Amino acid sequence: MADGRGEEINEAEPRGAAGGEDVFDDPILEQGAVVLRGYVIERINTADPSRHVCSEDLGGRPDEQQDPQIKEVVEQLLKIAEELNRNAEFQRLINQVQTNCVKDVFMSVARNIFADGINWGRVVALFHLAYRLIHRALTTNHLENIRMVIGWVLQVIRDQLYSWLVQQGGWAGVINSISRWRTIAIAASVLLVVAFVYYRKTR
């Protein structure tokens, strides 16, 4: 599949680097991986403080979360996530996703999340699903699943979200458009409920 820049896309797997951290040729993908790890770290450390998860645990660099812009982007995404956390139906449905969720199920849900449009609330819904799967991987000691889930999210970013992110000015775009986050988050949670219902009906 072409990504609009003349390149063929198969997987969003990063190139390996010394120390095991992820390295990308594309700044939007690279920052996307860092932002996703930052989001997951903050969610896990809030929900399960005894774990002390850091970037290296998720395939990142030790200092990658120190960038002030990354911190601000993650902070804004977490604000949107708070609205999702208040949605009981969203929580019930996301709890049904198995720890060993297979790639085609994840991709099917992702396609449904963005089926009729993209906004920051829906991006957070995708990140929230990834966070839950990564948290489960940590708590059940299926550590090999962590980078696999991150790779799935990056493939969605590259295949479905890339052009939209460019139009937003990259990940920092969430900082400038956060004023409508409550409405956006509610729409995202409703859409994700529909996506999970669709998934359950087609199993």
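Does arginine 43 count as buried or exposed? Select the residue to begin: at 11% relative accessibility, arginine 43 counts as buried, where buried means under 20% relative accessible area, exposed over 50% and partly exposed in between, with a 1.4 Å probe and protein chains only.

**Before going further**

This is a predicted model, in which local features need pLDDT of at least 70 and side-chain atom pairs count only at pLDDT 80 or more, while totals for chains, interfaces and linings use all residues. Residues are numbered from 1 along each chain as its sequence is written, and side-chain values use heavy atoms, with hydrogens and water left out.

**The whole chain**

Display the entire protein as a cartoon. Its secondary structure comes to 8 helices and 2 strands, and from the N terminus on the elements run β-β-α-α-α-α-α-α-α-α. Helices (H or I, at least four residues) and strands (E, at least two) are DSSP runs, numbered from the N terminus. Of the 203 residues in the protein, 53% are buried. Among contacts (heavy atoms within 4.5 Å) between residues at least 6 apart in sequence, 77% join residues at least 24 apart.

**Helix α1 against helix α5**

Select residues 27–47, helix α1, together with residues 120–139, helix α5. The two pack at an angle of about 60°, with their axes 9 Å apart; axes are lines fitted to C-alpha atoms, for helices over the stretch in contact, and angles run from 0 to 180 degrees between N-to-C directions. That angle makes α1 oblique to α5, since angles under 35 degrees count as roughly parallel, over 145 as roughly antiparallel, 65 to 115 as roughly perpendicular and the rest as oblique. The crossing of α1 past α5 is right-handed: a crossing is right-handed if the near helix is turned clockwise from the far one by less than a right angle, and left-handed if anticlockwise.

Now show the side chains at this contact. On α1 the contributors are Gly32, Val35, Leu36, Tyr39, Val40, Arg43, Ile44 and Ala47. On α5 they are Val124, Phe127, His128, Ala130, Tyr131, Ile134, His135 and Leu138. By class, the contact of α1 with α5 has 12 nonpolar, 3 polar and 1 charged residues. Here Ala, Val, Leu, Ile, Met, Phe, Trp, Tyr, Cys and Pro count as nonpolar, Asp, Glu, Lys and Arg as charged, and the others, Gly among them, as polar.

**Helix α1 against helix α2**

The crossing of α1 past α2 is right-handed. From α1, the contact draws on Gln31, Val34, Val35, Gly38, Tyr39, Glu42 and Arg43; from α2, on Gln69, Ile70, Val73, Val74, Leu77, Leu78, Ala81, Glu82 and Asn85. The residues of the contact of α1 with α2 divide into 9 nonpolar, 4 polar and 3 charged.

**Return to arginine 43**

Centre the view on arginine 43, in helix α1. Not counting residues up to four places away in sequence, arginine 43 touches Leu78, Glu82, Asn85, His128 and Tyr131. With glutamate 82, arginine 43 forms a salt bridge, the closest N and O atoms being 3.5 Å apart. Arginine 43 lies in helix α1 and glutamate 82 in helix α2, so the pair ties together parts that are 39 residues apart in sequence. Glutamate 82 is partly exposed, with a relative accessible area of 35%.

**Other salt bridges**

How many salt bridges does a search of the whole structure find? The search finds 5, a salt bridge being a side-chain nitrogen of Lys or Arg within 4 Å of a carboxyl oxygen of Asp or Glu.

- Select glutamate 30 and arginine 61, whose side chains meet in a salt bridge (3.8 Å, N to O). Glutamate 30 is in helix α1 and arginine 61 in the loop between α1 and α2, 31 residues apart.
- Select arginine 122 and aspartate 116, whose closest N and O atoms are 2.6 Å apart in a salt bridge. Arginine 122 counts as buried at 10% relative accessibility, whereas aspartate 116 is exposed at 58%.

**Last stops**

Select helix α4, residues 103–113: 8 of its 11 residues are buried, so α4 is largely enclosed by the rest of the structure. The buried residues are Val105, Phe106, Met107, Ser108, Val109, Ala110, Asn112 and Ile113.
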